[in-house]
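Hi everyone, thanks for coming. I'd like to talk about salt bridges today, so let me put the structure up on the screen.

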Amino acid sequence: MVSLPVVLALSCLLGAAVAGLLSRFAGVRLSDGLLVVAPVVGVLGTGVAAATGLVPVDPALAAALALALVASFGVVRALDRPRGRWFRRLRSRLLFGVPWGSLVSVLGVLAFYLFVQGGADGLYSPLTLPFTSWSYTYPLGVLTAPFAHSGYGHLYGNLVGTVVLAPLAEYAFSHFPTERGEGSFSSLRTNPYVRAFGLFPLGVVLVGLGTSVFAWGPVIGFSGVVFAFAAFALVRYPIAVVVALSLRSAVSTLYTTLTDPVVVASAGSSYGGPWWAGVAVQGHFLGLTLGVLLGVLVLAKRDRSPSALRLFAGTVLFAASLSLWAWWWYRGPATYVLYRAVGVLFVLVVGWVVAAAVRAGGSRRPLGWRTDISRRQAGVLLVVVPLAVMAGVAAPINYTTTDGSGLPADAVEVQDYQVAYAEDVPNQRVSGIDVSLFGESTSVNASGVIVYSSERALWTEAVSAGSLAFSGSSTVRVGGVGWEEVVRAQRLGWVAQGGGTAYVVYLKPGDGDWRHVYGSDPATADLTLAGTNVSVFPRDGTFYLALTQEGTVLDTAAVPQSGNSTMLDGIRFVHTDGELVAVYDGTRVTVASEETYN
């Protein structure tokens, strides 16, 4: 095979030569030829090389797509003839036409994921537990949660949103003063370098901390700040924000196409809750409210605002597109309830409030109604009141602590962490404050691998019992700044014919030994042999067979190793190919099978 860079270089050089000939003999502008003809020839050359097997197909397609994007830009530029108009508009509000604050934000969040959470060592399995805002009594989590992420997909989604929406917010903010009579270097506040590299990133940090401090319960992720970016820009450019949401989807598709141009997939089973059960609605609404408040305060100085129709339509479309309507709650360890109608009504109310707040915030006239309050003050109050309510609710929730009650005594200890397996125990984090409303309650039980730390006010179901039953094994990463350790969980079980499942769970801390931590109830096969019932049950990590008759145990024996057999009360049990087969009076019947996992 030929090196792909060589093929690209030769193809683009040929394209540049063609562009030069067109410029010399056909009057085509050389810049247009280089931006259109050269990439097109490069695409054709790469395609021919891939079709003939000279270069691998996947990287060739990715390179061809990149060249096609350059050519597309060249075509639009040739048709529009902007003559620097595009760049001049950017430079009128951004230092050198670049959203520096947005770049700093993206790089900061990415660096935190890679080097603090350990994403550089395990891109898809970062350390998350110590960087979640569990309680006000654990300041490290409160300070780091807005900039940490639960996984690569979480990070990717928020970074794409930041890349698309943060520059729009920064453009509305402007690196240069917009008030008449103010010079760019008349003070630190108007200095474009300070605004680009200081004020905007500082605002991002403060908004992030606000989404952590005022959140209702544990949170992790930059999404609240992404909502604040959108809301801040929404106050000035509501339609542009809606367009940016489409651009967000396009950027995501483009990135995945460049990194994975050809995908082969097949049908398969998976385990997980409904997608909406992972939406942090209150965190997103908190970010939106903070962004609108900052936007209204900025507009109060600039005396400009879009029409109420644009504000309402832009807010509703934005909130609906990003699932702010997904109001949900728990109804058991693996059951959730979605209040879709309530969520949609909430989105409409948010649209009304934003439109009213921004329109009122842009006017100095008195509100009327026999009050001295101005419309601008009323607009600010419309946003401050929901923030005050959220802060009032957040304080008691985030001051709650956990005591680790209900966890078994054989929990694995890793420094200040305790990792255990338990079933049907009260979820101390969700049930911290017992409230019943609309037939639902905050009193929820949990089952699975539980992680507890009194030092961090941490109590969480790290791996659900259903997930472990589906996969058979899982890992939990515990740690802190500068250290981490992996605790492995494994489930083994036997499925009784026509009955339930008997299973055991083991945990293994780091380089330590496997430790038996849980054994289930017996599983009885739905059949009768010589007037007796057959059950499988775990004891001290070992599986046993039991013959019972009318509730009385007649005989027990350990489940034989594969290829061996054992006798119970005249019935032979053979373990072969993952099945336990009973042999009695010339009859063979399967009584249990080893549990299989995905």
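This is a predicted model: local features need pLDDT of at least 70, side-chain atom pairs count only at pLDDT 80 or more; totals for chains, interfaces and linings use all residues.

**Salt bridges in the model**

Let's begin with arginine 491, which forms a salt bridge with glutamate 595; their closest N and O atoms are 2.8 Å apart. Arginine 491 sits in strand 12, residues 483-496, while glutamate 595 is in the segment after strand 22 (587-594), so this pair ties together parts that are 104 residues apart in sequence.

How many salt bridges does a search of the whole structure find? The search turns up three, so let me take you through the others.

Next, aspartate 416 pairs with arginine 456, and here the closest N and O atoms are 2.8 Å apart. Aspartate 416 belongs to the loop between strand 5 (412-414) and strand 6 (417-426), and arginine 456 to the loop between strand 9 (445-453) and strand 10 (458-464), so the bridge ties together parts that are 40 residues apart in sequence. Is aspartate 416 buried or exposed? With a relative accessible area of 19%, aspartate 416 is buried, given that the cut-off for buried is under 20%. Arginine 456 counts as buried too, at 6% relative accessibility.

That brings me to arginine 477 and glutamate 484, whose side chains meet in a salt bridge at 2.1 Å, N to O. Arginine 477 counts as buried, at 15% relative accessibility, whereas glutamate 484 is partly exposed, its relative accessible area being 36%.

How values were computed. Residues are numbered from 1 along each chain as its sequence is written. Side-chain values use heavy atoms; hydrogens and water are left out. A salt bridge is a side-chain nitrogen of Lys or Arg within 4 Å of a carboxyl oxygen of Asp or Glu. Helices (H or I, at least four residues) and strands (E, at least two) are DSSP runs, numbered from the N terminus. Buried means under 20% relative accessible area, exposed over 50%, partly exposed in between (1.4 Å probe, protein chains only).
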